[in-house]
Amino acid sequence: MKVLLSWLRDFAPIEGDPVALGEQLSDLGMAVEQLDLLGEGLDGVVVARVLATRPHPDADKIQLVDVDAGDGEALQIACGAFNMTPGDLVPLATVGTTMPDGMQIGRRKMRGEWSNGMLCSARELGLGADHAGIHILPEGLPVGVPFAEAMGIESDVLYDLEINPNRPDAMSVAGVARDLAARLGVPFSLPDPVVDEVAADRIGAVGVEVDAPDLCGRFTARVLRGARVGASDPAIARRLTLLGMRPINSLVDVSNYVMLELGQPNHPYDLAKVRGGGLRVRRARPGETMVTLDGIERTFIGDDLLICDGDDRPVGIAGIMGGAETEIDDSTTDVLLEMAWFLPIGIAKTSRRLRLRSEASARFEKGTDPEIIDLAHRRFAELVAPSGARLEAGAVDVRGELPERRPVRVRTGRLNRLLGTQLAAGDIASLLAPIGFQTSVVGDDTEVTVPSWRYDSSTEIDVVEEVARHHGYTAIGRRVPRSPHTGRLTERQRERRRLRSLLVGRGLSEAMPLPFLAPGDLERTGLPGDGIEIANPLVADESVLRTSLLPGLVKALATNAARRNTGVGLWEIGHVFRRPAADGAAGPLPDEREMLGVVLGGRDASEAVQEWWAVAEVLALRGVTIRNEALPGLHPTRSARLVGPAGEALGTVGEVDPLVLESHGIGERVGWVEVDLDVVADLPHDPHVYRPISIYPSSDIDLAFEVGDQVPASDVERALRAAAGERLASLRLFDVYRGPGIAEGRRSLAYRLRLDAADHTLTDDEVAEVRRRCIDAVEGELAATLRG
């Protein structure tokens, strides 16, 4: 929807900076998509008369035009448009002119012929979107005078607004002006046309029938006599042009003008062409046809609404487009002017089905004002009066089914909760009154009567939106609304997701073996053969429920090894099934547990321990110890049990037994971690504490201790961490050694400690002090010996 600032000022004393006014329009919900300053850049454009036209000798798409620019001399212009003839008046941009779009006009050759200026289209002048040809000017303008002066063009502002479907009132200049006047706090008034009516003559013979009252809520007709069809008033033609409509003649242009101004579509019929002297509104008969004003024959169905003449022949598609047979032309003298209210959904369906959109249908689809029809009739008569047309007294007014407009109760408390405001009932009334909503305060609530031009507003939430618009969206604090949480992840589910993210991030791949094993699979992996047998297995080779994740993951490694794909790291989160407790306290069902299993092809027990510590870190577990112990299926001297703070059995860590690997055809060492996630879920979890990274250089020290095989490496690590304190950035076991130089039943554990400080670079003395404390702690607590 395009509106001119000067046209808005016909309804209210609107003043201010055009950009600031545009911002107010946007804040009111009518977003300004484009703002154009008009009447600028026309200096140097004059009125010229076409003297002659002739072909360009070397170009088919250019012609040479001789024009008189006011000095009586022929001036040659090369032009790419062919819509002018000798005698036409045209706008000429003379040499040296700067056009509204910034283009400089100079004297230049076009295919060898001189062009001494440029003939302009409406778009090049900033007066509309028409660029199909040269803008032909009305007759009677003096040649040689400035174009802006001859056309009465003054500086103006053109706003191109985005109008939402729920704003039928904003589909008119008056509606936009009403909203803006309310925001600015200035008075608003509709025009009060002064019309000299003549005595009724032909209106008495005009009959109107409405056979579809559900689709046509009101239908009116009035007669104008003595009209002379000719060129429009230049002021009307200019406004129509700027709003994107092509001027046609004095009657049709006034019809469009009233529609744009008041939002009421209308249709003037040549009364002499209306058979039967009247109109009938009815549903179409299936297969019925009519030629519309655009020259296309349309075929209708039973849901379409037609305007027919007294002989029941279609003369228009209700609310969309008139028929060609009753079109206004130069011979028209008496006019039958029709204005109506049609059901929006009916117009929308027909318009979409016929793929026929018009300015009228765009307004009827949103809902027009049935009460403005009388004013629109008088406004039409006022604007055509200069052509000699006079409005007859009396009108035909047939009523159908108009929408019922019940008062709407607005609850102040609900409005404030929805908008996040602290408005009182009186504030609500003061915001609604300037836009025509009648209000009465009832206790803490407000009883609102919605005006006839707001077909879209019928419920409490519609009125709340109006209050929000005029209170100002920018005045309402911005906040992200809290959405209801109909479901969320449990802490167990979040832990599971964190584990998956960790393991994938550490370069491991997820495996999904079946929980069913073949008889003997448990024994092949060194586990007790006490698996639960399935009474009715789908496959005989899958008849045993697994008691550990080890068989399935080792099989997966074996499959990769058979294809020469070694060094594979796999993980699985799955369920294992063990026999119920002998005392029957847990019932007859299997003891089903969720486990985490990790196999590390080509890696040893120390790297398996590192994987465990990464898992413990992401789950924020503290106080878990690694207790050396020979376990089924694992290396007899490279396996350990994970024990919780209160002695809970959390799982196992170490290396898979070489005999198990050999039986599966795996020729590399394999690290192993298995964790009972059900037990872990019941353990206390420490909060995650993040340590800032030091910007200063770190220092590394390596310490190797000889300890007994019964001393867990985790105990050595715990002693080192406690002794190093806040200086410890990281700790890693990088070597385990048994062999020459190490006593029987003992092993060497080598650790790398990285030390730093948050506020400075550690000195040699500080590093030496930490080293001394670490050695003393391990040797004193664990009967360990520092290796040289």
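Predicted model: local features only at pLDDT ≥ 70, side-chain atom pairs only at ≥ 80, totals over all residues.
**Aromatic pairs**

Start with the rings. A pair of aromatic rings is described by the distance of the centres and the angle of the planes. The model has 5 aromatic pairs. Select Trp341 and Tyr455: their ring centres are 5.9 Å apart and the planes make an angle of 55°, so this pair is tilted. A stacked pair would need planes under 30 degrees apart, and an edge-to-face pair would need over 60.

Trp341 belongs to strand 20 (residues 335–342), while Tyr455 sits in the loop between strand 25 (445–449) and helix 12 (460–471), so the pair ties together parts that are 114 residues apart in sequence. Trp341 has a relative accessible area of 1%, which makes it buried. Tyr455, at 26% relative accessibility, is partly exposed.

Next select Trp612 and Trp613. Here the ring centres lie 6.2 Å apart with the planes at 45°, so this pair is tilted. Is Trp612 buried or exposed? With a relative accessible area of 0%, Trp612 is buried. Trp613 is partly exposed, at 22%.

**Charges over rings**

Select Arg107 together with Trp114. Arg107 is placed over the face of the Trp114 ring, 3.8 Å from the ring centre. Then go to Arg752 and Phe734, where Arg752 lies over the ring face at 5.0 Å from the centre.

**Salt bridges**

Side chains of opposite charge can pair when their charged atoms come close. How many salt bridges does the structure hold? There are 67 salt bridges.

Begin with Asp169 and Arg167, whose side chains form a salt bridge with an N to O distance of 2.9 Å. Asp169 has a relative accessible area of 7% and is buried. Arg167 is also buried, at 3% relative accessibility; the limit for buried is under 20%.

Move to helix 9 (residues 373–384), which contains both Arg379 and Glu382. These two are 3 residues apart, about one turn of the helix. They form a salt bridge in which the closest N and O atoms are 2.7 Å apart. Arg379 is buried at 12% relative accessibility, whereas Glu382, at 23%, is partly exposed.

Then select Arg772 and Asp776 in helix 20 (residues 764–782). They are 4 residues apart, and about one helical turn separates them. Their side chains meet in a salt bridge of 3.0 Å, N to O. Arg772 has a relative accessible area of 42% and is partly exposed. Asp776 is partly exposed at 40%.

**A helix crossing**

Finish by showing helix 13 (residues 491–505) and helix 16 (residues 605–618) as cartoons. Their axes come within 10 Å and cross at roughly 145°. What is the handedness of the crossing of helix 13 and helix 16? The crossing is right-handed. To see the contact, select Arg498, Leu499, Leu502 and Leu503 on helix 13, then Ala614, Val615 and Val618 on helix 16.

Definitions and conventions:
Residues numbered from 1 in each chain as written. Heavy atoms only, no water. Phe/Tyr/Trp six-rings, centres within 6.5 Å; stacked < 30°, edge-to-face > 60°. Buried < 20%, exposed > 50% of the residue type's maximum accessible area, 1.4 Å probe, protein only. Lys NZ or Arg CZ within 6 Å of the ring centre and 35° of its normal. Salt bridge = Lys/Arg side-chain N within 4 Å of Asp/Glu carboxyl O. Axes fitted to C-alpha atoms, helices over the stretch in contact; angles between N-to-C directions. Left-handed = near helix turned anticlockwise from the far one by under 90°. Contact = heavy atoms within 4.5 Å.
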